[in-house]
Amino acid sequence: MPQTSELPSARIKRRGLMLVLSSPSGAGKSTIARNLLENDHGLELSVSVTTRQRRPSEIDGVHYHFVTMREFERMRETDALLEHAAVHGNFYGTPREPVEQAMAEGRDMLFDIDWQGAEQLSEKMRADIVSIFILPPSMAELKQRLKRRAEDSDDTIAMRLANARNEIEHWREYDYVVVNDDLDRAYGAVRSIVAAERLRRDRRHGLFDFVSGLLDEKLD
Ligand code: ADP
Ligand code: 5GP
């Protein structure tokens, strides 16, 4: 059996895609993103900059680049951010350079960003974006998940819950909507979306050569 990467279908060149995951805080988007990154080595995370305090479980440079307000402003002013927004009282932004490089090289990137970021990226790079909104099964479960995560203070949890309604209002702006009731099912749905989107004709410029080759092939 040949390696998958050696199969003719794997050699058809295509543009990279930008997978945008958004949800109200606590719905499970980071958990789904983590599963995707562990199992799909063709996807890499766009590591955002943020002015928020690091959570105990987070590693600087892996989950976020934790920066001061001054550093954040400098990046914004020098156009080093592809998009940026204030979310739950902190600032967040997507560094431009790694994304442009990944797209040029046909690699896929994952963005864990809010609706404001998704909107800004869609204005700039619509053809490359696949956006998914993750919904919780109920508001009561959302509250439980925020509490169970146990990484934020009670005040922060209360603010995030209050902001959830506003976030959810934006569900219509996304290409796909997945309800995260059962984690395995929700994760499976996201994987299916990624698999299908990678096969879209308009992303696969290598199909021109592949089909020409097929039609030119001489049979005995
Ligand atoms: P978000 O990134 O959307 O803020 P997280 O991925 O941090 O949310 O998930 C919040 C909490 O809910 C975490 O403790 C996570 O383990 C848990 N969680 C995620 N998905 C589910 C699910 N389908 N069922 C139960 N708990 C879940
Ligand atoms: P958290 O503080 O829980 O990590 O993230 C809070 C919210 O900010 C989440 O909705 C997350 O998706 C969003 N977020 C994280 N990074 C970025 C970013 O670079 N840009 C934007 N617009 N939102 C972000």
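1. Start with ligand 1: one of its oxygen atoms lies 2.8 Å from a side-chain N or O atom of Arg149. That is a polar contact, a pair of N or O atoms within 3.5 Å; within protein, one must be able to donate a hydrogen and the other to accept it, and residues adjacent in sequence count only if both atoms are side-chain atoms. The protein covers 80% of the 570 Å² of accessible area that ligand 1 has on its own. Accessible areas come from the Shrake-Rupley method with a 1.4 Å probe; for residues, only the protein chains shown count as cover.

2. A word on the basis: this is a predicted model, where local features need pLDDT of at least 70, side-chain atom pairs count only at pLDDT 80 or more, and totals for chains, interfaces and linings use all residues. Residues are numbered from 1 along each chain as its sequence is written, chains are lettered from A and ligands numbered from 1 in the order in which they are written, and side-chain values use heavy atoms, with hydrogens and water left out.

3. Backbone atoms also meet ligand 1. A polar backbone atom of Ala27 is 3.3 Å from an oxygen atom of ligand 1. For Leu183, a polar backbone atom is 3.3 Å from a nitrogen atom of the ligand.

4. Helices (H or I, at least four residues) and strands (E, at least two) are DSSP runs, numbered from the N terminus.

5. Now ligand 2. Polar side-chain atoms of Arg52 and Tyr92 each lie 2.6 Å from an oxygen atom of ligand 2. Arg55 has a side-chain N or O atom 2.8 Å from an oxygen atom of this ligand. The protein covers 97% of the 510 Å² of accessible area that ligand 2 has on its own.

6. Around ligand 2 there are 17 residues, and the closest are Ser48, Arg52, Tyr64, Tyr92 and Arg160. Strand E5 (81-87) and strand E6 (90-95) are the elements that give two or more residues to this shell.

Technical notes
A residue is near a molecule or strand if one of its heavy atoms lies within 4 Å of it.
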